[in-house]
Amino acid sequence: MKKKLLTFAVLLGVAALFSGCNYNTLVEEQENVEKAWSEVENQYQRRSDLIPNIVNTVKGYAAHEQTTLTDVVEARANASSVKIQAEDLTEENLARFQQAQDALSQGIGRLMAVAEAYPDLKANENFLELQAQLEGTENRITVARRNYNETAQVYNAEIRKFPTIVYAGWFGFKKKPYFQASAGADRAPVVEF
């Protein structure tokens, strides 16, 4: 009887310790970060899914722009191959992911610049619809990245608070990285007429 009572008291004490030190809050915050990361991936996948349609549409009008088309297809393949599980979000992994996505963004930018040289393409309804979907997706990516950063900030602050910081590491709660602005984002683009 004493052994059962002692075991119960120890279990009750451990449960009280975890509830008193916000263990469950950390679990919830970690889940929120993983959910926000999933939305980031969903939006990048949406963009990736649009690219073959855009490339094929441009190809029909600008077949001799093969280098640009090939570059975009290769950048898409590279960006699609860089996958990160939410539990593997580290500064290095996120930087690698972001670098691949930035290369794809640059390729899309070059593709859209090529499209500007073809008036028939710019007037094509299918291309205009794909372009509008791509612009909407880029906005969704921005929102998803911002939401992820905000969610990661709440989680990161929580694991650094006292007394949580004492046990957060024991249970594998590690700081989540943030999306950073792309290189050159601090400079306004030059527009010439």
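**Notebook: helices and a buried threonine**

I looked up the secondary structure and found seven helices and zero strands in the chain; helices (H or I, at least four residues) and strands (E, at least two) are DSSP runs, numbered from the N terminus. I noted that this is a predicted model, in which local features need pLDDT of at least 70, side-chain atom pairs count only at pLDDT 80 or more, and totals for chains, interfaces and linings use all residues. Residues are numbered from 1 along each chain as its sequence is written, and side-chain values use heavy atoms, with hydrogens and water left out.

I then examined helix 2 (residues 23–61) and helix 4 (residues 91–116), whose axes come within 12 Å and cross at roughly 30 degrees. The axes are lines fitted to C-alpha atoms, for helices over the stretch in contact, and angles run from 0 to 180 degrees between N-to-C directions. Helix 2 is therefore roughly parallel to helix 4 (angles under 35 degrees count as roughly parallel).

I listed the residues that meet (contact means heavy atoms within 4.5 Å): among them are Trp 37, Tyr 44 and Arg 47 in helix 2, and Leu 94, Phe 97 and Gln 101 in helix 4.

Next I turned to Thr 68, which lies in helix 3 (residues 66–81). Is Thr 68 buried or exposed? I recorded Thr 68 as buried, because its relative accessibility is 15% (buried means under 20% relative accessible area, with a 1.4 Å probe and protein chains only). Leaving aside neighbours within four places in sequence, Thr 68 is in contact with Arg 110, Leu 111 and Val 114.

Finally, I noted that buried residues make up 34% of the 193 residues in the chain.

Note on methods. Parallel < 35°, antiparallel > 145°, perpendicular 65-115°, else oblique. Buried < 20%, exposed > 50% of the residue type's maximum accessible area, 1.4 Å probe, protein only.
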